[in-house]
Amino acid sequence: MAVTISQVSFEHHRIPLGIGEASPRISWRFEGNFTDWVQSGYSIEVSRHRQNQTGLSQIELFHYNSSNSVLVPWPTVSLTSAESATVRVRAYGQGDQPDTPWSDTVEVETGLLTQEAWSGAVMIGADRQTEKNAPHQPLLFRKEFAVGSKVEKARLYITAFGLYEASINGKRVGSAVLAPGWQSYNTRHVYDTYDVTDLLLAGDNVLGITIGEGWFSGLLGYGSGGRRNLWGDTLGTLALLTISLSNGTRIIRTDNTWAASTGGIITSELYNGEVYDSRLEQTGWSTPDFQASETAAEWIGAKELKTPYEQLAAPDGPPIRRIEEVKLQEVLTSPSGKTILDFGQNLVGWLRLRVSGPEGTEIQLKHVEVLENGEIATRPLRTATQTDHIILSGEGVQTWEPTFTYHGFRYVQIDGWPDDTPLDVTAIVVHSDMQETGFFECSDELITKLEKNVKWSMKGNFMSVPTDCPQRDERLGWTGDSHAFAPAANWLYDTSGFWRGWMKDFRSEQVKGVPPLVVPAVPAAGPVVSTAVWGDAIVANPWNTYRSSGDLVALQDQYHGAKDWLDNGIPRNAAGLWNRQNFQLGDWLDPKAPYDDAGRATTSASYVADAYLVYVTGLVAQMASELGLDDDKSRYEEWATDLKAAFREVWVKPDGKVANETQTGLVLPLYFGLFQGGEASEAATRLQKIIAANDYLVGTGFAGTHLLGLALTKYNFTDTFYKMLLQTSVPSWLYQVKLGATTTWERWDSLLPDGSLNPGEMTSFNHYAFGSVANWIHQIIGGLAPAEPGWKVAKVNVIPGGNITWAKASYLSPYGKFSTEWKVNDAGFHLVLGVPPNAKADVVLPGGGGTRRVGSGTHEISYPEFRF
C-alpha cells in the first residue's frame, strides 16, 4: 500500500543534460496502490554543484503545501550556463495517508545559454571548394590536444551544418544518430550536449567529428521539385569541449587550427543511401597514434564559416537513436533469381552487416517496403533509390552500418554478397527516442495487430519531425497528417518535447499568419498558401498536446501563432468563411477519389474548410480561457458563434440536411456541434444509414477519418463504428491487416486485392494519418482518455462491442499509470481499473448508470446484465 515517486523529470526531457531552461519545471510520477491518495504538499531538495567557500555543494530544501506534482516551478535561483544540480523530491499524503520516501536523486544540467558561453568556438568547414549540384562527400574534422592532469568532468557541446557523429580517441560519443536532427535552421539550430568524462585520457587525445549533408544540405523534396542546399551548401561543425581538471579548466574549440579530410564514405544521402568504400577508410583517424597513409585522402586546413549563434538552441525533445533490432526472418529468391531479405516488419532504419570478402567486392542493398510479382517494388519510391553500396577492404571481417541515411523497408534485395560467406545481417530500427506510454491489446487479434501497426508507423515517421512517409523522395513534415494523428500519437508515446520543438518551427515559418504545408518548409511543397486542416494544425496540435501534457507554458508559446492564423492568415469572404477561390486539399484521399487525383473527394473542399474554421475558432477561445485571457475568450467565442451561423446559412438546408450528405459531410458538423435542436440526432441517423448502405466501409479521407468513430460514439452509434472497424474489404482498416500489413498505409488500397500496387504515384506503405483510428480504439475499447489537461483526471469509458470479449490498456500519464482490464462473459461485464496516486478518474458506468469519480487505487466495476 506504499506510495513512491517513480520518476523525477525536468520540463519534457528524458535525459536532462544540456537543457535550455535555466529554471526548469519539475515533475514526478507516482507508483503505488493506495486508495484515494492525494498529495497535500511536497519537498524539493536542490544540491547546487557550484561550490561555496567551504568547498561543499550548496544544499537547499524547499517545502510547499500543494497538490501539484506536474511542471511545478523551479524553487530557487536560476541555473547558469553549464551548471548542474542534483534534485530529489518527497511528497506528503493528506491527513493520515502515508508520505512517500525521498525519490532517487536526479541530476539536471544546463547547456550553453549565451553566446559568450561558447568561448569563441566557431563553425568551421574544410578549406576547399564545396560540391556543386551534387551530393556532398562527408568530411572528417580532427583536433589533437593534451590533458595534463586528472579529468573531473568533461562536456562536449556540438552541432553541424549537416549531421554529425563525434568520437574521442576512437570511441563514439553518445548514442544519438542523424544528429542534431532536422529543424527550421534559419530560426532554430539545435546543439547537443554529451558527458565525455570517461572518454578522455591522461596525455594525448583526439576529438574527431564526421559531418554528412543530412537535411541541411541534402536533396529534399519530390520529383522535379527536389532541391539541394536549402540552408547552406557547405558542410561544417561547431563544437566546444570543456574539461574540468583538478588544477583548472581546459577548452578545446572549433577554429581554423583543425584539420579536415575525407574517408570511406563517398556519399551518404537521405533519399538515395550511402556509398562506402572501406579501402579509403582512414583507420584510427580519431586516435592519438594516427599516421595518415600516403595513399589516403589529404589532410587540409579548416576555414571559419558564419556561426549561427542567434539560432543555437538546446533540444526540446529526444534525439533519434537506435531503438531496437529486428532479425532476418526469411531469405527469398525472386523469379528473376535475385536474393531478397525479408525482415517480416516494415520498419525505418538500416542494416548492420558483418561480412568478409575479397578486396574490392561491392555489395548492393536496395530497400523497399513491398514486393510485386515476387520482385522488389521500387516504383513507390519515385526518384529515391534507397540503395547502399559497400566496397570491402579484404582485411578480414567488417562490421558496417550507414551513417547519414535512413530507409523505410521490409525487404532488401542484396547483390554481390561474397560466396561462401555466411549471411549476417540485422535491421536497426531508429526513431526519436520518446518514452513509450500507451499499451493495448484485446481478444480480436486483427484489432490488436492494427493498433500495433499504427505504433510502427508512428515510430517510422517521428524522425525529429513528424514526416508523412519514410521511404520515397518526400519524408516531409506535412501538417495536416500530424493534425489528424496527434491525439493517437500522444497516447502511444510521450510526445510533449517532440511537439514542443516542432511547433516552435511551425510558428517561426508562418508568413503573415499563414503556416506552410510542411514544416520545416521546403520549395517542393510550393509557396506558403492558406489551406484548411493543414493550416489549422497550428491551433489543433498545441491544443491536443496541452490536453495530454497539461503544459500551459507550451500552450502560451503557441497561442500567438494560433491567433495569427485566425486573425491574419485565412482569406475570407464577406460572411467571414473561407474565400471560395482559395486552394484547398479538402478531404484528401477520400477512398472514392481517383488514384491520380487524391483531392477529388465526395465532400466539397470548401465545406470541409468552413466546418474546420468554426471548430478551430472555438479551440482558440478554449485556449484563451485556459490561459486566463478573458477578452480574447469572449472575442473568439463570439466569432465562433457568428461563423457557425454563417456556416449554417451556406451549408445547412432548412430541413437540417447538409449540402454534402456524405460520411465526412455529416461527421464534421456532428463532431463540431454545427447542428441545432433535433437536427443532430437526425443527422447521426442519416450518417448511420449511409454507412450501412455502404456495407460499413469507410468513406472518409484525411479530414473526416480521425473524427468518424468519435462522432458516431458521441451520438450513441458506437455499434455502427465497431462494424466499420471489423470490416476486411477495401476500404477498411483491417483490409490492410488481412493482406499482411505491418504498418498503416497512405491509401486505403495501396495494395490492390489482387496483390498489385495501386497505380497512383503516392503509394506509401508507412503513413500514420489513417492510423488516427487508434485514438478511438484507446478511448472506447481501451477506455482511457484525459478528462482534464495533463490527465489530472482521466475519463474511463469502456464501451464493449464488436464481440470483443476482453481488452487491456494502460497509459503512463504525468501522474503515473492508468490501466483498464475488462472482460465480457456469461457473468456480464467486469472492469478492473487502476488509477495512480494524486490522480482521479471519471468512470462512465455501463448500462446508463451515470458517471462516478474515483481516486487512486484499484477499482472493480461490474454490470451483470450486459450482453452483446
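Ground rules. This is a predicted model, so local features need pLDDT of at least 70, side-chain atom pairs count only at pLDDT 80 or more, and totals for chains, interfaces and linings use all residues. Residues are numbered from 1 along each chain as its sequence is written, and side-chain values use heavy atoms, with hydrogens and water left out.

Pockets to begin. The search runs on a 1 Å grid over the protein atoms alone. A pocket is an open set of points where a 1.4 Å probe fits, with protein on both sides within 12 Å along at least five of seven lines. Lining residues have an atom within 4 Å of a point. Grid points are joined across faces, edges and corners, and a volume is the space filled by probe spheres set on the points.

The largest pocket has a volume of about 1300 Å³. It is lined by 48 residues, and the closest to its centre are Tyr671, Leu710, Gln779, Ala785 and Lys795. Which elements each supply at least two residues of that lining? Helix 3 (479-492), helix 5 (537-549), helix 7 (605-626), helix 11 (702-714), helix 12 (718-725), helix 14 (774-781) and strand 36 (784-786). Helices here are DSSP runs of H or I with at least four residues, strands are runs of E with at least two, and both are numbered from the N terminus. By class, the lining holds 25 nonpolar, 19 polar and 4 charged residues. For the classes, Ala, Val, Leu, Ile, Met, Phe, Trp, Tyr, Cys and Pro count as nonpolar; Asp, Glu, Lys and Arg as charged; the others, Gly among them, as polar.

The second largest pocket holds about 1000 Å³ of space. Of its 40 lining residues, Glu165, Tyr276, Glu281, Trp285 and Thr399 are the closest to the centre. Strands that each supply at least two lining residues include strand 15 (203-212), strand 20 (273-277) and strand 25 (339-355). Strand 11 (163-168) is also one of them. Strand 11 gives the largest share, 4 residues.

Now the rings. A pair of aromatic rings is described by the distance of the centres and the angle of the planes. Rings of Phe, Tyr and Trp (its six-membered ring) pair if their centres lie within 6.5 Å; planes under 30 degrees apart are stacked, over 60 edge-to-face, the rest tilted. How many aromatic pairs does this rule give? The count comes to 46.

Two examples. Phe290 and Trp299 have ring centres 5.9 Å apart and planes at 65°, so this pair is edge-to-face. Phe290 is buried (under 20% relative accessible area, with exposed over 50%, partly exposed in between, 1.4 Å probe, protein chains only), at 11%. Trp502 and Phe506 have centres 5.2 Å apart and planes at 50°, so they count as tilted. Both sit in helix 4 (residues 496-508), 4 residues apart, about one turn of the helix. Both Trp502 and Phe506 are buried.

There is also a cluster. Trp534, Phe702, Phe721, Tyr722, Trp733, Trp748, Phe770 and Trp776 form one aromatic cluster.

Charges over rings next. The rule wants NZ of Lys or CZ of Arg within 6 Å of the ring centre and within 35 degrees of the ring normal. The charged end of Lys455 sits over the ring of Tyr493, 5.9 Å from its centre. Lys459 lies over the face of Trp456, 3.4 Å from the ring centre.

On to the backbone. Most residues other than glycine have a negative phi, and most peptide bonds are trans. Ala179 and Pro180 are joined by a cis peptide bond, with omega about 10°. Pro180 is in the loop between strand 12 and strand 13 (189-190). Val730 to Pro731 is cis as well, with omega near 0°. Pro731 is in the loop between helix 12 and helix 13 (733-738).

Positive phi: Glu11 is near 50°, and Trp791 is at about 65°. Glu11 lies in the loop between strand 1 (3-10) and strand 2 (17-19). Buried or exposed? Glu11 is buried, at 6%. Trp791, in the loop between strand 36 and strand 37 (793-796), is buried at 2%.
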